[in-house]
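Hi,

Here is the structure I promised to pass on to you. Have a look at it first, and then read my notes below with the model open beside them.

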Amino acid sequence: MGTIRNIVILTGAGVSAESGIDTFRDSGGLWEQHRVEDVATPEAFARDPDLVLRFYDMRREAIQTKQPNAAHLALAKLQAQWPGRVTLVTQNVDDLHDRAAAVLGVTDPDLIHMHGEHLLAWCTACDQRALWTGPLITRPACPSCGAPSLRPDIVWFGEMPYRMDEIFEALREADLFVSIGTSGAVYPAAGFVRNARDLGAATLELNLEPSQGTAWFDEARHGPATEVVPVWVE
Ligand code: BJW
């Protein structure tokens, strides 16, 4: 393994768990309380939009009471101080990485929300996005075109994750790929470790427990993100 200059970090729900945001597949997680097919597919939204909007309105409200934890802050510090490129690709739709960067004074972090963002609404009539902190169930008008066509800007199953070209470009340039707090159950993110390996990067998993893809990593360290991430960053 040569010198490490460029790093790609993939994060999942485990990195925000200790901030009090529910994960999906852990015991007591969101998918134990809601059927995925009822709330996180375009078909569900077409069938029962009120159910889907209530689910996301509840979560959008909840995240605004949460704070970045020591793992988010350690990653933001790494991004601010590392001499090479650190691309943070998150599957998380909360804004805790964004807020951790802001705490360190970084206004334009190299951060990709591949599954969308709770705090954006997407107008299906005019294709514009708007910052959105309140409820969508009231069928508010789109600030750009006035149509009552706002939906959560969230990538549901069967939809294409965002900014895939940029992610693959970063993986091609990466000397190290690190996966943090994700079960490795959802593609294409779950395949990034194999993509990174094929492209010559070293690979490291930091997770509470071995993920579904743990065998693909060169090294794995297991424990809570607020402990293992700051130790790795130092
Ligand atoms: C801690 C911790 C602590 C806890 N410290 N760690 C068959 C084979 C392969 C693929 C497919 C297939 N059938 C269908 C597909 C594709 C599908 C898919 O992957 N399905 C699988 C279920 C099999 N994928 C898609 O549809 C994606 N799009 C796509 O493929 O497009 C191409 C395409 C388009 C059109 C046609 C055909 C192809 C889109 C996926 C969108 C995912 N969306 C969600 C929900 C929306 C967001 C929301 O509502 O909030 O995104 S699903 C959900 O899972 C969410 C997450 O981002 C994602 C990943 O979950 P994550 O982050 O890994 O959380 P958990 O809960 O699973 O794991 C938490 C981990 O943390 C655990 O390991 C814990 O141990 C750990 N942990 N506490 C450290 N304190």
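A word on names: helices (H or I, at least four residues) and strands (E, at least two) are DSSP runs, numbered from the N terminus. Two strands count as paired if DSSP finds at least two bridges between them.

Before going on, please keep in mind that this is a predicted model, where local features need pLDDT of at least 70, side-chain atom pairs count only at pLDDT 80 or more, and totals for chains, interfaces and linings use all residues. Residues are numbered from 1 along each chain as its sequence is written.

β7 and β8 run parallel and are joined by five bridges. They belong to an open sheet of six strands, in the order β3-β2-β1-β7-β8-β9, with parallel pairing. At the edges you'll find β3 (111-113) and β9 (219-222), each of which pairs on one side only. On average, neighbouring strands here are turned by 15° against each other, direction ignored. For angles like this, axes are lines fitted to C-alpha atoms (for helices over the stretch in contact), and angles run from 0 to 180 degrees between N-to-C directions.

Helix α10 packs on this sheet and touches β7, β8 (202-207) and β9, and its direction makes about 150° with that of β8. By contact I mean that the C-beta atoms of two residues, placed from the backbone, lie within 7 Å.

Now follow strand β1 (residues 7-11). Five bridges link β1 to strand β7 (residues 176-180), and the two run parallel. Ile9 stands opposite Val178, Leu10 opposite Ser179, and Thr11 opposite Ile180. β1 also pairs with strand β2 (residues 86-90), again over five bridges in the parallel sense. There, Leu10 has Val89 as its bridge partner.

Is β1 buried or exposed? Five of its five residues are buried, so β1 is largely enclosed by the rest of the structure. (Buried means that 20 or more other C-beta atoms lie within 10 Å of a residue's own, exposed means 12 or fewer, and partly exposed is in between; C-beta atoms are placed from the backbone.) In a regular strand the side chains alternate between the two faces of the sheet. In β1, Ile7, Ile9 and Thr11 point one way, while Val8 and Leu10 point the other way, and all are buried. β7 is mostly covered too, with four of its five residues buried.

For a contrast, go to Glu227, which lies in helix α10 (residues 225-233). Glu227 has 14 C-beta neighbours inside 10 Å, so it counts as partly exposed. From Glu227 to Val106 it is 121 residues in sequence and 23 Å in space, C-alpha to C-alpha.

**The three-stranded sheet**

There is also an open sheet of three strands, ordered β5-β4-β6, with antiparallel pairing. β5 (129-131) and β6 (150-154) stand at the edges with a single partner strand each, so one side of each has no neighbour in the sheet. Neighbouring strands of this sheet are turned by 45° against each other on average, direction ignored.

Strand β4 (residues 116-123) is joined to β5 by three bridges, and the two run antiparallel.

**Domains and ligand**

The protein is divided into domain 1 (1-21 + 68-115 + 161-234) and domain 2 (22-65 + 116-154); the bounds come from an automatic or database domain assignment. Their C-alpha centres lie 25 Å apart. Across the boundary, 12 residues of domain 1 are in contact with 10 residues of domain 2. On the domain 1 side, the touching residues divide into six nonpolar, four polar and two charged. (Ala, Val, Leu, Ile, Met, Phe, Trp, Tyr, Cys and Pro count as nonpolar, Asp, Glu, Lys and Arg as charged, and the others, Gly among them, as polar.)

Where does the ligand lie? Both domains give residues to the shell around the ligand, so it lies between them. Of the 35 residues around it, Gly12, Gly14, Phe24, Gln91 and Ser183 come nearest. (A residue is near a molecule or strand if its C-beta atom, placed from the backbone, lies within 6 Å of it.) The shell divides into 18 nonpolar, 12 polar and five charged residues.

Enjoy exploring!
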